[in-house]
Amino acid sequence: DRTRHKLYVSDGTQMFVIDTLTDAVTNIQAQGAGFYGSLTVNDVTNKIYVVRTSARDMVEIDGNTLAASAPFTFEYPQPLQSGVNRRTNKLYVKLLTGPDYQGTICIQDRNQTAPRCSYIEGNDWGGIVVNEATNTVYLGVEIGYRIGMLDGTTDRLVTIPMDSGTGTSGS
């Protein structure tokens with residue numbers, strides 16, 4: 001959290017916040033991200049999203065109180081990675097499988113009272129990188145010679161082919 005000078009850490013089983021100005025460490029009463037999980041911080045809303053792969057869910061931590069929400073369970077299993085657009089407050093979570101039994105991206109508008117997932121299907125999605133200035137989300141592909149480019153306003157997906165001759169894939 002660049003705004004508040006906080007660093008959120010998961011050692012797999014536990015969560016901590018480190019004040020980078022004082023080096024003070026505080027334990028957060030929430031299960032950590034697990035072996036393959038991830039953390040995403042929205043320093044505009046002061047919310048931390050903990051994707052817990054082994055628990056197959058996600059919790060939201062309030063940066064002011066360090067209280068964890070009730071776990072959000074995904075319709076499809078194995079959330080792995082996340083990214084957030086701080087400007088629009090949209091959260092993107094990669095799921096191992098989805099409706100088409102391939103990797104899927106869950107898109108949540110965190111401005112909604114009860115956020116639900118809308119899905120981007122049809123690929124073995126990999127890394128998530130958000131460009132807030134252009135409201136564009138880039139999605140790597142674990143297998144294949146393409147990357148995804150998602151319009152953050154419309155959630156419209158365009159795939160961009162990569163050069164298979166050079167061995168450059170969307171990974």
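**Chatting about two sheets**

Modeller: Let's start here: strand β14, residues 146–151, and β15 run antiparallel and are joined by five bridges. Keep in mind that this is a predicted model.

Biologist: Okay, which residue in β15 stands opposite Gly 148?

Modeller: That's Thr 159.

Biologist: And what's the strand order in the sheet with β14 and β15?

Modeller: The order is β12-β13-β14-β15, an open sheet of four strands with antiparallel pairing.

Biologist: Which strands stand at the edges there?

Modeller: β12 (125–131) and β15 (157–161) do. Each has a single partner strand, so one side of each is left without a neighbour in the sheet.

Biologist: How much twist is there from one strand to the next?

Modeller: In this sheet, the twist averages 25°.

Biologist: New topic. What's the order in the sheet that has β8 in it?

Modeller: That open sheet of four strands goes β8-β9-β10-β11, with antiparallel pairing.

Biologist: Why is one side of β8 left without a neighbour?

Modeller: Because β8 (79–85) stands at an edge and has a single partner strand. β11 (118–120) stands at an edge too, also with a single partner.

Biologist: How many bridges does β8 make with β9?

Modeller: Six, with β8 and β9 (residues 90–95) pairing in the antiparallel sense.

Biologist: Can you zoom in? Which residue in β9 is the bridge partner of Gly 83?

Modeller: Tyr 92 is the one.

Note on methods: Residues numbered from 1 in each chain as written. Predicted model: local features only at pLDDT ≥ 70, side-chain atom pairs only at ≥ 80, totals over all residues. Heavy atoms only, no water. Pairing = 2+ DSSP bridges. Axes fitted to C-alpha atoms, helices over the stretch in contact; angles between N-to-C directions.
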